[in-house]
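These notes are for someone opening this structure for the first time. Please keep the sequence and the 3D view side by side while reading.

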Amino acid sequence: MWSTLLPILGQATLETLYMVFASLAIGTAIGLPLGVLLATSGRGELFEAPVFQKTIGPIVNATRSVPFIILAVAIIPFTRLLVGTSIGTSAAIVPLTVAAIPFIARIIEGAVREVDGGLIEAAHAMGARPMQVVTKVLLPEALPGIIHGLTLTAVTLIGYSAMVGAVGAGGLGDLGIRYGYQRFRPDVMAAVVITLIVVVQAVQMLGDHLARKADKRNI
Amino acid sequence: MIRLTDLHKTYPARRGSPEHVALRGIDLDIAAGEIVGVIGRSGAGKSTLIRCINLLEMPTSGSVIVDGTDVTKLSKRDLPLFRRQLGMVFQHFNLLSSRTVYDNIALPLELAGASKTEIAAAIDPLLPLVGLEDKRDRYPAELSGGQKQRVGIARALSSNPKVVLCDEVTSALDPETTRQILALLRDINKRLGLTMVVITHEMAVVKQLCDRVAVMDGGVIVEQGAVEGIFANPQHPTTQSLLADEFLDFKPGVAANADQSASTSIGQEG
């Protein structure tokens, strides 16, 4: 029995990791600049843009207030448009990414706002251009917080990826639902839960380790 | 080197706070190579004044001439280029926690697009100048306050500026460290012939470091002149009270004694 289960479990774990890290990567690519802009577009700040601040803020909040399973179903037409299908592991990356972007944006915004205003003033005094303030000061100083936040995002996405299993995405959630629940296989269900716990622990430990390495504030 | 003419700065009213007038007509000339102190109590406008020199604050009216150019007329694109000609040292050091001592000092050069060899050539002589040869690869969290300020000073010097602005640079330091940092600044001024503008609320800093002093109160300069003259014969009540804070036995007319009591009373300050 284990000889048939193990390959399926391994395959499902890889699918989950693929979905999570692909959506984390795309979500960061879009959420990072968005978060920096959210943190720096206020009045008197680096990239002052009150209209952006007033429109993007509510959009980000709105996306975050939709329960993920509803979001995943609601954007199926958009997913079809993008990937050609709404079923499968690659299709699941679309709703996962859409959910990740506002999450990451708020986390980056928070981490960037934590940077001491004195450092921004010092950068200006040294003749930094606005983009240099971001790349040379804000992002390096916010890095430990950003890594913590992305770790949190990854863990949340692992949970979400199990949910998209319910709408035909593959991965550990799909395995748990189809084998564990629908075929009454408590042993499969247990194996899925244990694997999820191990994956989450590993991601958390890796994130903590990287954040500690990046943090030079307490040596 | 620096000429401020009829400088005004008003912060417009915002939700919850009324309009605030920080500077009401400042005229100040600073010659090349001299150290000018600007002293005043909190809220006197001295921080705004020093930030108007490198335009961290844009004055509401008046002109700021630095090295022959009215810098208030510079475009947004040219402003960073101008600021790279000035160094600034801060009360709370403002070092990047994510960078080593060396990389912190290198930052102004990196911003200006200098190559790795140019950066090394600029920093290698600076480290012994500020006494940090052995701390080169340490992070700010591993340094004492005085060492952090030495990094701040080296960073302000790395882009080879003509002017260094010092904003309450010793206010977060203990008396002994304060003395060392002031001696270092004095030494740098002598060696490199730099012009320095020093903001402080302590007369002891003016006495040890400055050639000339301007006393501020309520957004105006109430008195200015050579340091010896001001200490010997303070005219304005604000000056007299600032001196009285520093030298407990100071009374107008017995200023000659203030000089001798200075060294002892500085020690009691902290």
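1. Confidence. Two residues are in contact if their C-beta atoms, placed from the backbone, lie within 7 Å. Chain B as a whole averages a pLDDT of 89, with 91% of the residues scoring at least 70. For the complex, the predictor gives an ipTM of 0.87 and a pTM of 0.87.

2. Basis of the description. This is a predicted model, in which local features need pLDDT of at least 70 and side-chain atom pairs count only at pLDDT 80 or more, while totals for chains, interfaces and linings use all residues. Residues are numbered from 1 along each chain as its sequence is written, and chains are lettered from A and ligands numbered from 1 in the order in which they are written.

3. Chain A overall. Chain A has nine helices and zero strands. Its C-alpha atoms fill a box of roughly 70 × 45 × 25 Å along the principal axes. Of its 219 residues, 42% count as buried, where buried means that 20 or more other C-beta atoms lie within 10 Å of the residue's own, exposed that 12 or fewer do, and partly exposed in between, with C-beta atoms placed from the backbone. Among contacts in chain A with a separation of 6 or more, 70% are between residues 24 or more positions apart.

4. One residue of chain A. Is A:Leu38 buried or exposed? A:Leu38 counts as buried because it has 23 C-beta neighbours inside 10 Å. A:Leu38 lies in helix H1 (residues 2-40) of chain A. Leaving aside neighbours within four places in sequence, A:Leu38 is in contact with A:Ile56, A:Gly57, A:Ala105 and A:Glu109.

5. The contact between the chains. Chain A gives 20 residues to the contact and chain B gives 21 residues. On the side of chain A that touches chain B, helix H6 (117-125) and helix H7 (130-164) of chain A are the elements that give two or more residues. That side of chain A divides into nine nonpolar, five polar and six charged residues. In this count Ala, Val, Leu, Ile, Met, Phe, Trp, Tyr, Cys and Pro are nonpolar, Asp, Glu, Lys and Arg are charged, and the others, Gly among them, are polar.

6. Domains of chain B. Chain B is divided into domain 1 (2-85 + 163-226) and domain 2 (91-160), with bounds from an automatic or database domain assignment. The C-alpha centres of these two domains of chain B lie 23 Å apart. In chain B, 14 residues of domain 1 are in contact with 12 residues of domain 2. Strand S7 (163-167) and helix H7 (175-192) of chain B each supply at least two residues of the domain 1 side. The largest share of that side, six residues, comes from H7(B).

7. Strand S7 of chain B. Five of the five residues of S7(B) are buried. B:Val163, B:Leu165 and B:Asp167 are on one side and B:Val164 and B:Cys166 on the other. S7(B) runs parallel to strand S6 (residues 86-89) of chain B, joined by four bridges, and parallel to strand S8 (residues 195-200) of chain B, joined by five bridges. Strands pair if DSSP finds at least two bridges between them. The bridge partner of B:Met88 in S7(B) is B:Leu165, and B:Val164 stands opposite B:Met196 in S8(B).

8. The open sheet of chain B. Four antiparallel strands of chain B form an open sheet in the order S2-S1-S4-S5. Strand S2 (20-30) and strand S5 (69-70) of chain B stand at the edges with a single partner strand each, so one side of each is left without a neighbour in the sheet.

Note on methods: pLDDT = per-residue confidence, 0-100.
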